[in-house]
Amino acid sequence: MNFIRNTIAVIVGLGIAGLIITLGIRVFPQWVTFEAFAPFEHWQRFLQSMQNNDAFFGFLLFVSGLGTTIGGVATAIIVKYAKVAYAILIGFIMLFIAMLDVIVFPYHPTFYKISIFLTFFPFSWIGGKIVEVIYERKKKRRIAEKMNKS
């Protein structure tokens, strides 16, 4: 049962991260050069139109970090054990996708190629740690309440 729960947690975390990245790209109307909701259907043409826009790639890093953090939080909430490890798994999968993106499409600036390694793991780790700290505080509070009742 834990395997199914953990698999669903990873899928939910990746879905949330992808949704946040999509919404982040759609924030600025001048960046929207596509008809569909998600830019990923026409990603090559979209990246080609953004090729010389360093602000876009900086913002993409920020939104990717935010999406990975929130996806890590969602994953860590759903899994029962090893919350930080599963949150970091979200960061690893997102890093793998970003590396494929950089390898397949040559339109990314150099700072983006380097920064993806510094973005996904730390932000997903932060998401897992947020949940772990909250759960530890709740656990200590329950123990303190039991001790006070005795």
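K80, Y81, A82, K83, E132, Y135, E136, K139 and R142 line the second largest pocket of this predicted model. The space in this pocket is about 180 Å³. Helix 5, residues 110-149, gives the largest share of the lining, with five residues.

Two lysines sit at the ring of Y135. The charged end of K83 lies over this ring, 4.3 Å from its centre. K138 lies over the face of Y135 at 6.0 Å from the ring centre.

Now the core. The largest nonpolar core holds 25 residues. Those with the most contacts inside it are I25, L47, F56, F57, L60, Y112 and I116. Two or more core residues come from each of helix 1 (2-25), helix 2 (43-49), helix 3 (54-78), helix 4 (83-104) and helix 5. In soluble globular proteins, nonpolar side chains tend to be buried together.

| Pair | Centre to centre | Angle between planes | Kind |
|---|---|---|---|
| F56 and F57 | 5.1 Å | 75° | edge-to-face |
| F92 and F121 | 6.4 Å | 25° | stacked |

F56 and F57 are both buried. Ring pairs also join F56, F57 and Y112 into a cluster.

The other pair in the table links distant parts of the chain: F92 belongs to helix 4 and F121 to helix 5, 29 residues apart. F92 has a relative accessible area of 46%, so F92 is partly exposed. F121 is partly exposed too, because its relative accessible area is 31%.

Note on methods: Residues numbered from 1 in each chain as written. Predicted model: local features only at pLDDT ≥ 70, side-chain atom pairs only at ≥ 80, totals over all residues. Heavy atoms only, no water. 1 Å grid on protein atoms, 1.4 Å probe; cavity = no way out; pocket = protein on both sides within 12 Å on 5 of 7 lines; lining within 4 Å. Points joined across faces, edges and corners; volume = space filled by probe spheres on them. Helix = DSSP H or I, 4+ residues; strand = E, 2+ residues; numbered from the N terminus. Core = buried A, V, L, I, M, F, W, Y, C linked by side-chain atoms within 4.5 Å. Buried < 20%, exposed > 50% of the residue type's maximum accessible area, 1.4 Å probe, protein only. Phe/Tyr/Trp six-rings, centres within 6.5 Å; stacked < 30°, edge-to-face > 60°. Lys NZ or Arg CZ within 6 Å of the ring centre and 35° of its normal.
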